Amino acid sequence: MIKQQPGDPVAELKQVTKTFGGKRAVDQVSFTIHRGSITAILGPNGAGKSTAISMMLGLASPSEGEVLLLGQNPRSLEVRQQIGAMLQEVSVMDGLRTREVIQLIRGYYPNPLPMDEIVRLSGLTPEELKQWAVKMSGGQKRKLIFALAIAGNPELLFFDEPTVGLDTTARRTFWNTAKQLAERGKTILFTTHYLQEADDIAERVLLFNQGRVIADGDPKDIKARLTRRALSFISDQKPESIRELLPHTLGITDLFVEDGRIHIVTDDTDGTLSVLYREGVVMRDIRIEQGSLDEAFSQLTTDLEEAN
Ligand SMILES: Nc1ncnc2c1ncn2[C@@H]1O[C@H](COP(=O)(O)OP(=O)(O)OP(=O)(O)O)[C@@H](O)[C@H]1O
């Protein structure tokens, strides 16, 4: 049994690279995940998220660098007994009822969760437990896969796009349960394409792009860094004359007129407003807007596509 304290490193990637026929799917990636945290791995298709997770699960080996789970090789039995994973592609065993599948997987672990706790946390109903596992609907199967991921009472849980195909209520229930698990000290690492979800759930986001981690931190900070703030107002003054009033230090990246409003894209909306006031620009109906993380993300992807 590997003993862990709150805040201890649970997963560590040290200068990890994975190449497939000369292509770097993961390129010199380093990060540490601490016990009891919820971390989202975000990134466009092909960014290297699944490859990084495969290496953490011990399903693939790094070409260079080192991956440690609970301070050990992810392939060691002791580590495997402390890990639960909810992956996209799952086939459930034929000829078994849902309850039997869960009992079977519990049997592989030295310290599994009690059956009634697995049932409570997964939300499986008594009827669903009696059903043939292969006959479950998509949503029911996801509950079963979640039940199997937590069955062994693991220290570290990997969820690969866990809420795909779930309705809003099921999604909310899923994340409430995940938060309960994190509060008990479990460590959660998940991938998602729902950026709002990362923002709502995770305390940390690792943003992958082209095999690298291009941002790592608090979702709010990453959002603030990625999303462009804009100031807009109505004014009789010409946009060119307003542009001339604003110093370079304000970091203005765009100034344009749309729908009769002057828009100024800047990191420093407060500083820009104070210069405009000081210079006596008459402004009406002032608005400050911040783009969503989704917009920023698609912008980031477009920028990279254009650069290639
Ligand atoms: N087994 C493999 N053989 C060859 N290339 C691979 C293999 N696995 C992944 N790749 C390539 O490595 C890169 C990263 O893929 P990966 O699946 O890790 O990305 P991802 O971020 O998980 O994408 P998605 O969101 O689409 O699942 C891609 O260019 C992919 O084509």
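1. Domain bounds here come from an automatic or database domain assignment. By that assignment, the protein is divided into domain 1 (9-224) and domain 2 (228-290). The centres of domain 1 and domain 2, taken over C-alpha atoms, are separated by 45 Å.

2. This is a predicted model: local features need pLDDT of at least 70, side-chain atom pairs count only at pLDDT 80 or more, and totals for chains, interfaces and linings use all residues. Residues are numbered from 1 along each chain as its sequence is written.

3. Look at the ligand next. Phe20, Ala25, Gly43, Asn45, Gly46, Ala47, Gly48, Lys49, Ser50, Thr51 and Phe208 surround the ligand.

4. Helices are DSSP runs (H or I, at least four residues), numbered from the N terminus.

5. The shell holds four nonpolar, six polar and one charged residues. Ala, Val, Leu, Ile, Met, Phe, Trp, Tyr, Cys and Pro count as nonpolar, Asp, Glu, Lys and Arg as charged, and the others, Gly among them, as polar.

6. Now the helix pair. Helix α4 (residues 115-122) packs with helix α6 (residues 138-150) at an angle of about 135°, and their axes are 9 Å apart. Axes are lines fitted to C-alpha atoms over the stretch in contact, and angles run from 0 to 180 degrees between N-to-C directions.

7. Which residues make the contact? Ile118, Leu121 and Ser122 of α4 meet Lys143, Phe146, Ala147 and Ile150 of α6. Contact requires C-beta atoms, placed from the backbone, within 7 Å. By class, the contact of α4 with α6 has five nonpolar, one polar and one charged residues.

Definitions and conventions. Near = placed C-beta within 6 Å. Helix = DSSP H or I, 4+ residues; strand = E, 2+ residues; numbered from the N terminus. Contact = placed C-beta atoms within 7 Å.
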